[in-house]
Amino acid sequence: FFSIIIGLLVVPLQGALVPVLRMFISITDKTGIEISGQYAAAWFVHSAFAMPLAIYILRNYMMTIPNTLIEAARVDGASNFTIFWRLVLPISVPALASFAIFQFLWVWNDYLIAFVYVGNDRPVLTYVLLSMLGQRGEGWQTVAAGSFVSMSVPLLIFFSLQRYFIRGLTTGSVK
């Protein structure tokens, strides 16, 4: 099962644009719920394509948690739910922060998914930056200024989660 999940990492997002869009249209036809053209469509697609990476990162990180720690909690009478929420999840904060950084940067910089599934009615920042550019290529100064402003959010996210990211990288290095 894990090998199949790893195999899904190589499926390009661009190869699934048309089938997923057709699926959203068929859902709309059958239920009347409009998914395409909404922000929810981009959320669904980004969430679905992020799952293999999330499973890969978190599974490999959680495999490094010593079994003796979980057995000790079980001996103390902790349920599986308690073991997960009070032991495994706090230990896994560096892996969760690493995944959050990767996922946020991927979604923040994505123009294609927002353009295909959300459209022009509800433009995202990357689309607005593209629309700042003139028809004949003029207006680069506005696009450059907008790009620098839009870079501030990913930098803020990265620097706020950097300590968890570095902690996750160096967890098993010194024994």
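In which helix is the place of isoleucine 5?

The place of isoleucine 5 is in helix 1, which covers residues 2-7; helices here are DSSP runs of H or I with at least four residues, numbered from the N terminus. This is a predicted model, in which local features need pLDDT of at least 70 and side-chain atom pairs count only at pLDDT 80 or more, while totals for chains, interfaces and linings use all residues. Residues are numbered from 1 along each chain as its sequence is written, and side-chain values use heavy atoms, with hydrogens and water left out.

Isoleucine 5 has a relative accessible area of 9% and is therefore buried, where buried means under 20% relative accessible area, exposed means over 50%, and partly exposed lies in between, with a 1.4 Å probe and protein chains only. Leaving aside its neighbours within four places in sequence, isoleucine 5 is in contact with Pro52 and Ile55, contact meaning heavy atoms within 4.5 Å. Between isoleucine 5 and leucine 161 there are 156 residues in sequence and 26 Å in space, taken from C-alpha to C-alpha.

On the surface, Ile4, Leu8, Leu9, Val10, Val11 and Tyr56 form a nonpolar patch, and together they have about 540 Å² of accessible area. Such a patch is made of residues with over 30% relative accessible area and no salt bridge, and its nonpolar side chains (Val, Leu, Ile, Met, Phe, Trp, Tyr) are joined within 5 Å, whereas like charges would be joined within 9 Å. A salt bridge is a side-chain nitrogen of Lys or Arg within 4 Å of a carboxyl oxygen of Asp or Glu, and accessible areas come from the Shrake-Rupley method with a 1.4 Å probe, with only the protein chains shown counting as cover for residues.

Tyrosine 56, one of the patch residues, is found in helix 3, residues 39-62, and its relative accessibility of 34% is why it counts as partly exposed. Methionine 51 is also found in helix 3, and at 46% relative accessibility methionine 51 counts as partly exposed. Methionine 51 lies 11 residues from alanine 40 in sequence and 16 Å from it in space, C-alpha to C-alpha.

## Helices 5 and 6

Helix 5 (residues 80-91) packs with helix 6 (residues 93-108) at an angle of about 55 degrees, and their axes are 4 Å apart; axes are lines fitted to C-alpha atoms, for helices over the stretch in contact, and angles run from 0 to 180 degrees between N-to-C directions. The two helices are therefore oblique to each other, because angles under 35 degrees count as roughly parallel, over 145 as roughly antiparallel, 65 to 115 as roughly perpendicular, and the rest as oblique. Leu89, Pro90 and Ile91 in helix 5 meet Val93, Pro94 and Leu96 in helix 6.

In the loop between these helices is serine 92, which is buried with a relative accessible area of 0%. Not counting residues up to four places away in sequence, serine 92 touches Tyr61, Met62 and Ile65. Glutamine 103, which lies in helix 6, is buried at 13% relative accessibility, and with the residues up to four places away in sequence not counted, glutamine 103 touches His46 and Ala50. Arginine 86 is found in helix 5 and counts as exposed at 69% relative accessibility; arginine 86 and tyrosine 56 are 30 residues apart in sequence and 22 Å apart in space, C-alpha to C-alpha.
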